[in-house]
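Work through these exercises with the structure in view. Try each task before you read its solution.

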Amino acid sequence: MSGAANLRPVSTYPSRPVLVAAIGSRCPYCGEPMACSLRHPSRDHIRPRSRGHALTADNQAVVCRTCNTDKGSLSLGRWLNRLRRAADPRAGNVADFMRQTGIEVPG
Ligand SMILES: [Zn+2]
């Protein structure tokens, strides 16, 4: 294996066709159907890449662009805390998603 090949991401899943196919399914964070424009499906790195977490399939979820943009580079736990402080109705969905994904939910 050449060194250059090792510089490629481990996985780019879910690929663009997977994102397009997700149109109409519900965003796991807000529960709204994903659609074109603001609720377009996008790839979220559950544990942020900016904090050194891997670009692997089990660290990615297909979520709507609105939620992905709002979460930004926060970890799910930090985003959940922010949603709770703002009494954002997505907090319950995000906590459920974290439990299903095996991520510790902050008290
Ligand atoms: Zn959403």
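**Exercise 1. Count the helices and strands of the protein, and give their order.**

Solution. The protein has five helices and two strands. Helices (H or I, at least four residues) and strands (E, at least two) are DSSP runs, numbered from the N terminus. Read from the N terminus, the order is α-α-β-β-α-α-α. The model is predicted: local features need pLDDT of at least 70, side-chain atom pairs count only at pLDDT 80 or more, and totals for chains, interfaces and linings use all residues. Residues are numbered from 1 along each chain as its sequence is written.

**Exercise 2. State what share of the protein is buried, and what share of its contacts is made by residues 24 or more positions apart.**

Solution. Start with burial. A residue is buried if 20 or more other C-beta atoms lie within 10 Å of its own, exposed if 12 or fewer, and partly exposed in between; C-beta atoms are placed from the backbone. Of the 107 residues, 18% are buried.

Now take contacts. Two residues are in contact if their C-beta atoms, placed from the backbone, lie within 7 Å. Look at contacts with a separation of 6 or more: residues 24 or more positions apart account for 51% of them.

**Exercise 3. Describe how helix 4 and helix 5 pack.**

Solution. Two packed helices are described by the angle between their axes and the distance between the axes. The axes of helix 4 (residues 76–85) and helix 5 (residues 90–101) come within 9 Å and cross at roughly 155°. Axes are lines fitted to C-alpha atoms, for helices over the stretch in contact, and angles run from 0 to 180 degrees between N-to-C directions. The two helices are therefore roughly antiparallel (angles over 145 degrees). Which residues make the contact? Helix 4 supplies L76, W79, L80, L83 and R84, while helix 5 supplies R90, A91, V94, A95 and M98.

**Exercise 4. Locate A87 and say what marks its phi.**

Solution. A87 is in the loop between helix 4 and helix 5. Its phi is near 55°, a positive value in a residue other than glycine. Most residues other than glycine have a negative phi. Is A87 buried or exposed? A87 is exposed, with 7 other C-beta atoms within 10 Å.

Terms used. Angles under 35 degrees count as roughly parallel, over 145 as roughly antiparallel, 65 to 115 as roughly perpendicular and the rest as oblique.
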